[in-house]
Amino acid sequence: MTYRRAVMPVLAGGLLLTVLLWWAGASAHALHLPGATGMLNGQVAAELEHWLIPWSYDPPASATFGTEVSGGSGGAAGAAGTNYLALYTTAMQIRFGAVFAFFVPGALLLVRRLPPVHGRMPAALLAIWAWGVVAGTLAVTVSAPWLIASGGNGSFRFLPRLAGVISSGRQVLVVTALVAAALTVFIARVAAKGAGPLSHEAVPARAARLAATVGTAVIALSLVVLSYLPVAAALQQVSPNIGMFAEPGDLLRQWLLLGGWSGPGGGPLGSWLLYRAGDVLLLAVVWWVLRRLPRLLTRATVPAMAAGAVCATVLGLLASQVLRVAVDGVGSSLRWDLLHLSAGIGEGVPAALTCGLVAGTAAALTLRVAAGRAETADTTTPVEDSAHLG
């Protein structure tokens, strides 16, 4: 699929994602209305507000701006507070602009290499959905310094506060990115109808399996080794005294760890194994997607494989998190319980981006080497057979 045909669906999807996030943020304070509180109850309304506030132009009621100038004269303190409020507004402008800016290039690559035709539509929908979640996470990341500075003391424990800001707003992203992906895929399918037959790259099955195994091993390194609680604790305790960039442990964990686990404790072994089933599901999803990805792509380039691996890791994370919500929610019938259990949906996306890029690159390079060896073997085999016959 050419870029000319792919650009319109991607722009429409990126615009819809940005508008939906803006609308969700603008709806946050409506939860304080008497009707909303009466319909949802206070706990549900508070939880939903916590999910929506990261996308709201209106700062939360608990926010303070320019706290270090509060002891100054009234005029100076008021002017400083206005300036810090302007920083908050700038942070939100950057956030919404970055959502669109990050979504478009990644989705454009996916739509071009994974067009939603000839049985590829479900794969394209899932891939663009996952990329929408990644784009929103990156947007929150790049806007976080302005948001932290709007508090009036941006240099105090900057990296731990940065980690906290990055982890916010992810639940809304999962829903809005799915809607934006559906629109993108629908328009792309219409745009691709007159494009003619798509090219398809022949990939040996053995090479595809080997590439998927190598990529999954990279994900397993984060999920099994780095996420083991003693190792994760050692990462979190990293705290070199380098001024503003001290205490990077929380940030390292967020960008390197896909989960957290320990050996079975005092609880029953069956419950521990049931929780570990989520990790197994994540690795199974990653391996299966990486195994099929070279045949789904019109061309298995390194950027396309890297983006596909990121999306596969995000999808695996979401699948494992939904499984754990189901396990924890057995016997729970209250709306508040289900909402509370769903608070972990969307965790680990920064680590999925980091590990997915490495896994996809490793899988692409392995695929090239293995496919090249297979072609060499196919070329030399007839020569050797004829020599033996002679």
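Colleague: Which side chain meets that of Glu247 in a salt bridge?

Modeller: Bear in mind that this is a predicted model. A salt bridge is read from a side-chain nitrogen of Lys or Arg within 4 Å of a carboxyl oxygen of Asp or Glu; here the side chain of Glu247 meets that of Arg157, at 3.1 Å from N to O. Glu247 lies in the loop between helix 9 and helix 10, and Arg157 in the loop between helix 5 and helix 6, so the pair ties together parts that are 90 residues apart in sequence.

Colleague: Which residues are linked with Asp279 in a network of salt bridges?

Modeller: The network links Arg276, Asp279 and Arg324. Between Asp279 and Arg324 the closest N and O atoms are 2.7 Å apart, and because Asp279 lies in helix 11 and Arg324 in helix 12, this pair ties together parts that are 45 residues apart in sequence.

Colleague: How many Å should helix 12 span, given its 27 residues?

Modeller: The expected span is 1.5 Å times one less than the number of residues; for helix 12 this comes to 39 Å, and the end C-alpha atoms are 39 Å apart, which agrees. At the start of helix 12, a side-chain oxygen of Thr301 reaches to within 3.3 Å of the backbone nitrogen of Ala304.

Terms used
Residues are numbered from 1 along each chain as its sequence is written. This is a predicted model: local features need pLDDT of at least 70, side-chain atom pairs count only at pLDDT 80 or more; totals for chains, interfaces and linings use all residues. Side-chain values use heavy atoms; hydrogens and water are left out. Helices (H or I, at least four residues) and strands (E, at least two) are DSSP runs, numbered from the N terminus. A polar contact is a pair of N or O atoms within 3.5 Å; within protein, one must be able to donate a hydrogen and the other to accept it, and residues adjacent in sequence count only if both atoms are side-chain atoms.
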